[in-house]
Amino acid sequence: MNNLHLVKRSGNTLVRRIVCYIVAIIISMGIGAILLSVLGINPVSYYKDMLTIGLIGNRYAYKSVEGFLKVFVPLLMVSLALALSFKMRFWNIGGEGEFLVGAMCAAAVAFNFGSLPTAALIPLMCLAAIISSGLIGLAVAFLKCRFNTNETLITLMINYIVLYGVKYFGETKADWNFFLRDDSARPIFAKFPENAEMPGIHIGAFNLLYSVIFTLILTVIIYVYLKYTKQGYEIAVVGDSSDTARYAGIKVKRVTLRTMFLSASLIGLAGAFSASASATVSSSMTNSVGWTGIVVAWLSKLSIPGIFVASILISILQYGCQAASTSYPAIDRNYADLLQGIILFAVLVSDFTVTFKIVKRKEDASK
Amino acid sequence: MTDSLSVLTLFFFSIVVYSIPLLYGTVGEIMIEKSGSLNLGVEGTMAIGAVLGYIVGCRADSLFVGMMIAFISSALVGALFSFLTVTLQANQNVTGLTITTFGVALYYFIGNGLGNDWPQMGSAPRMVNSFSDMEIPLLSDIPGIGKIFFSHNIMVYIAVGIAVLCWIYLNTTTLGLELRAIGENPGAADSMGINIPLMKYIHIMVGSGIMGLGGLYMGLNMGGTFEGSNCWINGYGWISIALVIFVNWNPAMAVVGTFVFGFFNTLRVYSGSLASTFPGLLGWLGNIPAQFFSALPFIITLLILVVDSMRKNKKSGQPAAIGLNYYREDR
Amino acid sequence: MADGEYAIELRGISKTFGSIKANRNINLNLKKGEILALLGENGSGKTTLMNMLSGIYAPDSGSIFVDGKKVSISSPEDSVRLGIGMVHQHFKLVEAFSCADNIWAGVLNKGILLKKDRYKEVEDFAAKFGFTVDAKKQVSLMSVSEKQTLEILKVLYNGARVIILDEPTAVLTIQETRKLFDVLRKMKEQGHSIIIITHKLNEVMEISDRVAVLRKGEYIDTVKTSETDEKKLTELMVGHKVDLNIERGELRKTTPLLEIRDLTIRGDEGSIAVEGLNFYIRGGEMLGVAGIAGSGQKELCEAIAGLRPVEKGSIVHKGKNIAGLSPKTIFAQGIAFSFIPEDRLGMGLAPSLSIVDNVILKKYKKGKGPFVDRKTGRKEAAAIVKDYEVVTPSIDTPVRRLSGGNVQKVLLGREINSSPNVIVTAYAVRGLDIHSSYMVYDILNEQKKKGVGILFVGEDLDVMMALCDKIMVMCHGRLMGVVHAAKTNKEELGLMMTGALDLTSKSGKTAGIASDSALTMEEWERGPEPAEEVDDDE
């Protein structure tokens, strides 16, 4: 009975990994299909609607692309930012909070300096987001460096403190509260002034936002940063062995502080982009990107190209469900979460088959 | 005066009501963390136990059946967590977060899927009856205290009972000793002949099951109505994770700790009525935003984490090997 | 002696880790009531084989017989049930538990409730074997030998009849080792069967009845201890005749290169780890540092390398004080550092990174611009792999995947490539087989010939007596004396290591201070000038 045991695989496993992940996704979609059938929905046509994210047979297909990008861009950016800190073995799970702080600070700038021209206002909003979120990251890193405070739990707490802070601004009607609409008796977050909306390049009817272009450029920059620069090398060494890093003359604390500032500020920037693109803020605007980003970064094994692909897949799922809900009102975006959960479980299982192999034990080997 | 007294009594009575789901969640998570696993999936585990326990309980019109189903279904979620992290060595943070996403989504999926078939609590009179408050003879007659502590529904007492039992289990039994050994140093525990996977599976499943009961309690407490926008658990799972730190991984302390956290939560709801009842003494309460009370548990936990890490020579109840997977043949 | 002659019999055991064959078709038997020494070079598969008896690993093939009955051991629990207990080299203890709880957690069939009298029970049990223990003492407060005692007690308490000890003497003083051997003999008298893993030949000769020898994962032979000698055992172990004598490099000493005066350093817990230490190294000289594990050697090395703050005193290198400067500055002065920690990969190397990335570790900042220059790094890595015969699939392989000896070669290669004038090396041959060890000695001797001053922190006194020019002995962070390696003996060193012999106040002059110091008396009193700090930012 105990003749099976585990052995770690050696050598290159990339191809095996990709194949296993694809199989995992197919199996999960199968389980999802069964769930759909239980509700009396034809899974084939539903999946068709979902996977095409409303591109086919739609006169306003460009709208679908824009919608997809609104999901994809924040997820990509947050996952990239988290990968920076994870590479350093620093468990920043405060993506939700850092995202919201960035968005709110950008909003504060937008509401107070709405008269500035777009070319000045948007960078200013981004700067506010970068600095405010970055400072949170810096504070967490400081506590970790100074007192070895558990960063996982600290950032977890920050998420909720920030969330309730945002709710406070969103639910408190007062003269000083510039976040809310003046013309409504109920507290509602106001729309940004026009100058604070993210501009873009018009390709026909399609509006390619600058934030999208910038994020794609940033992806390449982060890839190069981690792989080829001295600072990226420092992150890898610190993550691997901080004793060795100190010995090599790397100032571990400085690298930790710097990287966490970068990580958090990029997440804040994603928040600012997202706020500017939708021209408003809300307490649910993160769309759980802080959580999903962790999963994306981890499952991609912190590889930047991997994160890029995984972000696309998850975004198709998320936005696809939204798009499909027009024809299937009974299925809302929670189905995407459900399917995402199942896929992740399946991928975790297949991850195992990539890392380990099961070997049968031989009895009484002769020779 | 009798009016203000009744406001106070009601206030403290409500603290108990609000703190009980936290107690279930916290004690469950302590059992899991003592085995060396950090399960961030409390929210999702509670949600699944809540929705399945509630629906089956209503259909069977029995609180007992509801509790059994809540426990079993959440324990199965725990089994999934164990399978992934213990058997398959998956990362605990990622697995936990996935369970939360999945669990909450399943809650909505079932709720939306049932639509008008969603069972109303009124359709299960016997279950409602079992869940109603009952007065413990003699004890409930004590003025003030009696109403506050001794006239609750059965699940309140079960929660306290479980917490005390878990404390006894961890500190005075041999199995409890073995469990703590795993959480502190799995390599050592393994060489002692302790079956680590078995122990982890059992305790993660039992811990998750306990969480499921907390989820069911929340659902029943909210009158069993399904809202498409708000999950019953509503962040209580996350507060439970914070509470584990607050009570220093001690199930007996959890009774006190959840009461403190429940206090803030209740204050959020009652700050208005307290302020108007005692305008002189507590009038200032009315000026504090409700969101502050909601955030308070997290703020306190954050401060505890920071202060605790600043202290030297600490004696913490935190298992030394928490969050790390154990693979015997690793080298 | 009931059924059968053998307590344990292994037949055809094999075990593979990835591509490494740790054990190949091993046959071994342990007689009842004997002490069997398991001898082999490092990497010969001793620990792996024993871990299969204790259920940590499962064999890929082969069978195990206990008391003549075929058994399957797939977990430590099975092993405990069969009466096999193992004392691991790295203790398996729960730091937060008391002595009694550590024992108790591993007891089978102990009932449901924790007994209140378990402390007394453990103390009484210990007394039966001549141990005195404080059953309520927490493991985190115990000394190394106390921990080992606890490990042995744990095994005995569980009723083990077969006891395996993995390099038990590695962390003990000579006196403590004697005590341990007395205990082992007593256990043998009571009918226990014992396997002791070691690679110290003198100990094998002293304690064992029979010796089983493994070589490169294969079983070679089992011989009676009384019918063999150290020379024959060495032959069995390494397969061919080796010169047991280590060559001492020719001594051509120059002026003091590194002078340490009145050095006081704090350890991790804030207690004094090194106190008022004086010593010096000349160019072209190798100074050995002997001492029981944890006598301040690690802290001393770290302080010289700039990894640990100096509480008091000075470290003078070529007339300039380097105490308290950054590791980078100190490295730039030509002081190389290779510290091999117990887990081999802790310090000096980043295990998940490739050989290339480890080779460039200290010079990645060189060159302008924000990018790392990996081109020269690749060339250098390839050169190290070739020159030092590093066995690796490629220079892009993560260091973690290499075997211990190869890891050390990479580390030493990198350090020596930086052409240092002082080499601080701690446990340079820890865990290396004889072949690799000799290679390391040769490398160091070559450096010595070039006029490099070498601080050699070691474990094996025989090696240090043969290799070094002088040996400095430390005990509890204090200098016990500096002796000429060729003129001393192990007994003297052992006494100094335990603090029983203090040579520092023997002659009139203060020990450890060079008569021809690089600084004059006034300069010392004024406090030596610090060396110039290297700017960290390009």
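This is a predicted model: local features need pLDDT of at least 70, side-chain atom pairs count only at pLDDT 80 or more; totals for chains, interfaces and linings use all residues.
**The contact between chains A and B**

Chain A contributes 38 residues to its contact with chain B, and chain B contributes 33 residues. On the side of chain A that touches chain B, four helices of chain A, namely α5 (118-147), α6 (151-171), α11 (289-299) and α13 (334-355), each supply at least two residues. The largest share of that side, 13 residues, is provided by α13(A). Sorted by class, the side of chain A that touches chain B holds 25 nonpolar residues, nine polar residues and four charged residues.

**Helices within chain A**

Helix α4 of chain A covers residues 95-112, and because 18 residues at 1.5 Å a residue should span 26 Å, the 26 Å between its end C-alpha atoms agrees with that expectation. This helix, α4(A), is mostly covered, with 15 of its 18 residues buried.

Elsewhere in chain A, helix α3 (residues 61-87) and helix α12 (residues 304-324) have axes that come within 8 Å and cross at roughly 140°, and the crossing of α3(A) and α12(A) is right-handed. Among the residues that meet there are A:Phe68, A:Phe72 and A:Leu76 from α3(A), and A:Phe308, A:Ile312 and A:Tyr319 from α12(A). The contact of α3(A) with α12(A) comprises 14 nonpolar and six polar residues, with no charged residues.

The two contacts can be set out by class of residue.

| α3(A) with α12(A) | 14 residues | six residues | no residues |

In chain C, four strands form an open sheet in the order β12-β11-β14-β15, with antiparallel pairing. Its edge strands, β12 (272-282) and β15 (320-321) of chain C, each pair on one side only. Strand β11 (residues 256-266) of chain C pairs with strand β14 (residues 310-317) of chain C in the antiparallel sense over six bridges, and C:Glu259 has C:Val316 in β14(C) as its bridge partner. Helix α9 (residues 297-305) of chain C lies across β11, β12 and β14 of chain C and runs at about 120° to β11(C).

A separate strand of chain C, β1 (residues 6-17), contains C:Glu9. Because 19 other C-beta atoms lie within 10 Å, C:Glu9 is partly exposed. Leaving aside residues up to four places away in sequence, C:Glu9 touches C:Asn29 and C:Phe65. The C-alpha atoms of C:Glu9 and C:Leu30 are separated by 6.4 Å, although these residues are 21 residues apart along the chain.

Key:
Residues are numbered from 1 along each chain as its sequence is written. Chains are lettered from A and ligands numbered from 1 in the order in which they are written. Two residues are in contact if their C-beta atoms, placed from the backbone, lie within 7 Å. Ala, Val, Leu, Ile, Met, Phe, Trp, Tyr, Cys and Pro count as nonpolar, Asp, Glu, Lys and Arg as charged, and the others, Gly among them, as polar. The expected span of a helix is 1.5 Å times one less than its number of residues. A residue is buried if 20 or more other C-beta atoms lie within 10 Å of its own, exposed if 12 or fewer, and partly exposed in between; C-beta atoms are placed from the backbone. Two strands pair if DSSP finds at least two bridges between them. Axes are lines fitted to C-alpha atoms, for helices over the stretch in contact, and angles run from 0 to 180 degrees between N-to-C directions. A crossing is left-handed if the near helix is turned anticlockwise from the far one by less than a right angle, and right-handed if clockwise.
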